[in-house]
Each structure stands twice: as C-alpha cells, then as structure tokens.
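I opened this notebook to keep track of what I looked up in one structure, entry by entry. Each entry starts from something I wanted to know and ends with what I found.

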Amino acid sequence: MTVAEKAERIIQDIRQETGTNPVRIFHNIAQKEYMSIHGPEHHILDGASLLVAYRNAGGELDLEAALERLKAEGLRMPGAMCGLWGVCGAVTSMGAALAIIDGTGPLSGDGTWGDHMKFTSGAVAELGKINGPRCCKRDALLAFRQAVAYVNENYPVTLEQEEPLCTYSSQNAQCIGKRCPFHG
C-alpha cells in the first residue's frame, strides 16, 4: 500500500472519531492494519488527530476541508525527514494543523506565524533531549504533549490530556527502552 493510499484510509477512518483526546484518536488509527510502526503516514495521522480532537471539542473548523488540506500537506513531507532534515514529521504535521486552524500562511502578520514557530521549535527541542534513533510513535506522543498544552492555552476549547504508556516497543527494533518517557 502506498503512502497516498494509507493517507486516504487515515482520513476515511479518522472521520469516525468522536473524542477530544488526540492521543486516543492517534492510537485508534495507529493500530489499524495499514499503519506501519514508522513511516510518512504519521505526517498525516498526527496532525489529523489534533484537528479531529479540536473540532470535537467545539473548535470552529470545516473538518472535511481541514482534513483534505492536512492530507495534502502531509503527503508533501518526505519520510525520514527527522534524520535527513533535522525536523520531525510529527511536529510539522501538528504545525500544519495549527496553521489550518488559524488560516496561517507565509505572509501572516497576525502573530500566528510566530506562535506556530515557537510551538514547533519547542516540540523539536523536547525530541532533541531524548535523541535518536527515530520512533514515530514516541515522537508523536511527545509532540502531542506540547500540542495539547498549546491548544488548551491558546484556543477556546479544552482537549483531553493524558500521559500514555507505549504499547509499540515490541514492534520497534530500534526502541530506546528506558530512555523513552513512555516506556512501560
């Protein structure tokens, strides 16, 4: 299955989610048979989980248009960008979700451009403290921690927050074990 086909399945399945906890939404989709332990499909799933939770919490958003735009942005992000470009796809996906929520673009001067840069740089800094190798699940959970705090502080909605334990380590040949804040 191609990344584009996985993206279609993600968007199709995530539309059914009704909760306000983006981590639970993420887990519900991440366990599907078409999802890999690592891969660029996370560049769609992670931001889409945030968008769905935001909308379900009462955030004003045309969810169909937002998910389609997030899918398009996520498909532009190459796999392995964490190691090759020095920025994680989970973080950029959530940054894209925030840009969609706020209508931010490269010429925005309303403060959202800078706010999103602060969010993404803070989330990437948290990933940098742990070091590699990559783990798309760990990196998503760390980015969600930052994103939920950001949304709850800056928008008139409240997303549910939780501190999950990893259930993916047996599938990850490069698991860092106890260095991971989510290791069980």
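**Entry on the model.** Before anything else I noted that this is a predicted model, and I kept that in mind for every value I wrote down.

**Entry on helix 1.** I began with helix 1, which covers residues 3-14, and asked how far apart its end C-alpha atoms are. They are 16 Å apart, and because 12 residues at 1.5 Å a residue should span 16 Å, the two values agree. I then listed the buried residues of this helix, which are K6, A7, I10, I11, D13 and I14. When I looked up what these buried residues pack against, I found helix 2 (22-30), helix 3 (42-56) and helix 4.

Leaving aside neighbours within four places in sequence, I found K6 in contact with M1, Y34, S36 and E41.

**Entry on the cysteines.** How many disulfides does the structure hold? I found 0. As a reminder to myself, a disulfide is a covalent bond between the sulfur atoms of two cysteines. I checked C82, whose closest cysteine sulfur is in C88 at 6.2 Å, so the two are too far apart for a bond. C82 is partly exposed, with a relative accessibility of 32%. I also checked C180, which is in no disulfide either; the nearest cysteine sulfur, that of C166, is 5.8 Å away. At 11% relative accessibility, C180 counts as buried.

**Entry on the largest pocket.** I next turned to the open spaces, and noted a volume of about 530 Å³ for the largest pocket. It is lined by 19 residues, of which E73, T92, G95, A96 and A99 are the closest to its centre. I looked up which elements supply at least two residues of this lining, and they include helix 4 (63-76), helix 5 (81-85), helix 6 (89-102) and helix 7 (112-130). Helix 6 has the largest share, with 5 residues. By type, I wrote down 10 nonpolar, 6 polar and 3 charged residues in the lining of the largest pocket.

**Entry on the second largest pocket.** The second largest pocket holds about 270 Å³ of space. Among its 16 lining residues, I found C82, L127, G128, N131 and D139 to be the closest to the centre. Two or more lining residues come from each of helix 5, helix 7 and helix 8 (136-154), and helix 7 gives the most, with 4 residues. The lining of the second largest pocket divides into 8 nonpolar, 5 polar and 3 charged residues.

**Entry on the cavities.** How many cavities of 30 Å³ or more does a search of the whole structure find? It finds 2. The largest cavity has about 90 Å³ of space, and the residues that line it include C135, R138, L141, C166, N172, C180 and H183. I counted its lining by type as 8 nonpolar, 3 polar and 1 charged.

The second largest cavity has a volume of about 70 Å³, and among the residues lining it are V23, L141, F144, R145, Q161 and F182. Helix 8 contributes the largest share of this lining, 4 residues. By type, the lining of the second largest cavity divides into 6 nonpolar, 1 polar and 3 charged residues.

**Entry on the backbone.** I ended with the backbone, recalling that most residues other than glycine have a negative phi, and most peptide bonds are trans. Against that background I noted a cis peptide bond joining G132 and P133, with omega at about 5°. P133 is placed in the loop between helix 7 and helix 8, and N131 lies in that loop as well. The phi of N131 is positive, near 80°, and this residue is exposed, with a relative accessible area of 55%. I also found a positive phi at A80, near 65°. A80 sits in the loop between helix 4 and helix 5, and at 47% relative accessibility it counts as partly exposed.

Conventions
Residues are numbered from 1 along each chain as its sequence is written. This is a predicted model: local features need pLDDT of at least 70, side-chain atom pairs count only at pLDDT 80 or more; totals for chains, interfaces and linings use all residues. Side-chain values use heavy atoms; hydrogens and water are left out. Contact means heavy atoms within 4.5 Å. A disulfide is a pair of cysteine sulfur atoms within 2.5 Å. Buried means under 20% relative accessible area, exposed over 50%, partly exposed in between (1.4 Å probe, protein chains only). On a 1 Å grid over the protein atoms alone, a cavity is a set of points where a 1.4 Å probe fits but cannot get out, and a pocket is an open set with protein on both sides within 12 Å along at least five of seven lines; lining residues have an atom within 4 Å of a point. Grid points are joined across faces, edges and corners, and a volume is the space filled by probe spheres set on the points. Ala, Val, Leu, Ile, Met, Phe, Trp, Tyr, Cys and Pro count as nonpolar, Asp, Glu, Lys and Arg as charged, and the others, Gly among them, as polar. The expected span of a helix is 1.5 Å times one less than its number of residues.
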